[in-house]
Amino acid sequence: MFYVFFFSSYALAGIRQYTANADESIWELEKTTRLSCRLNHTIPAYGEAQFNSYASKSKPMSFTIDMLIKPNDYDVAAVKSIPPMWKPGIPSKELANLKLLKQFDGELDSKTTWLMLTELEKGFTPTFYYQDWNNQNDKILVGLLSVNFKKVYLEFLKCRDRMLAYSFEDIAFTVMNYESNTGELTKASKKRLDKIGEYLKNDPSIESVLISAYTDSYGGRYLNETWSKKRAKAIKAYMTDLGVEALRVKVEGFGEKRHISSNRTILGRDKNRRVVIQIAKPN
């Protein structure tokens, strides 16, 4: 059903409008994990608007308009903010341009996404205008109705605030170091392992984890190899306790093989006493 009274000035022949009416205006919060949050709005007979945020230091935002009929050519849609009818006399505002790519959904960057959200928060209707690629006589108007938006938007912001401040790319390859003559990680490495653990608890899609442990050349070759295997297995146990399937975690203990620095200095030996963690996800 079309929600036409917001757009009376556009109710002309040759313009097709796609916007929910007040009864159909549904905003839903999805993917409420510490890795991602998504705010969805269904546009009847057209598709779905999606506001996304992902775990990382900056927690970036993005907007996707998932269309039931994808563009069959390249074009640009104008993005405007239309005032509600109870605010007469307020002009519409130009927000941005949306590039329409052949057979792709439309996407907007973080800055424009925030701009749209603030307009919705004020009760305005972010609206897209473009030439219909299947009928050159028609133009398309797609609006995001702000009815029922604010309450779900607040929950979306809370979800975003709870997300981790680092991404998979930040922990996919990690080198950690040990204290001399102990099985204890350095303080910095313990913090790093805690970060990895927190991520693993929230991402069930992890495909494999490879743990490779190394020592310096002090203490005897056999003893060092034993030490490295124990250290690798201890980290595997830590990860499986977090819910990572044991079969997906492979451990290797190389002892004093494959040094990356000289064993003649304290600093060099510190670098050689290390464990390398490589985490993979499906492509």
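Author: Lys-158 is partly exposed, because its relative accessible area is 39%; the term lies between buried (under 20% relative accessible area) and exposed (over 50%), with a 1.4 Å probe and protein chains only. The model is predicted: local features need pLDDT of at least 70, side-chain atom pairs count only at pLDDT 80 or more, and totals for chains, interfaces and linings use all residues. Residues are numbered from 1 along each chain as its sequence is written, and side-chain values use heavy atoms, without hydrogens or water.

The partner of Lys-158 is Glu-155, with which it forms a salt bridge at 3.6 Å, N to O; such a bridge is a side-chain nitrogen of Lys or Arg within 4 Å of a carboxyl oxygen of Asp or Glu. Glu-155 is likewise partly exposed, at 35%. Helices (H or I, at least four residues) and strands (E, at least two) are DSSP runs, numbered from the N terminus.

In general, a disulfide is a covalent bond between the sulfur atoms of two cysteines. Here Cys-37 and Cys-159 are joined, with their sulfur atoms 1.9 Å apart, and the link is left-handed, with -85° about the S-S bond. It connects distant parts of the chain, 122 residues apart: Cys-37 belongs to strand S3 (residues 36-43) and Cys-159 to helix H2 (residues 150-162). Cys-37 counts as buried because its relative accessibility is 1%, and Cys-159 counts as buried at 2%. By the distance rule, the count comes to one disulfide.

For the salt bridges, a search of the whole structure finds 15. One of them pairs Arg-34 with Glu-198, whose closest N and O atoms are 3.0 Å apart. This pair spans 164 residues, from the loop between strand S2 (27-30) and S3, where Arg-34 lies, to Glu-198 in helix H4 (residues 187-202). Arg-34 is partly exposed at 32%, and Glu-198 is partly exposed at 22%.

Lys-70 and Asp-105 form another bridge, at 3.3 Å from N to O. They lie 35 residues apart, Lys-70 in the loop between S5 and strand S6 (75-82) and Asp-105 in the loop between S7 and S8.

Notes:
Disulfide = S-S within 2.5 Å.
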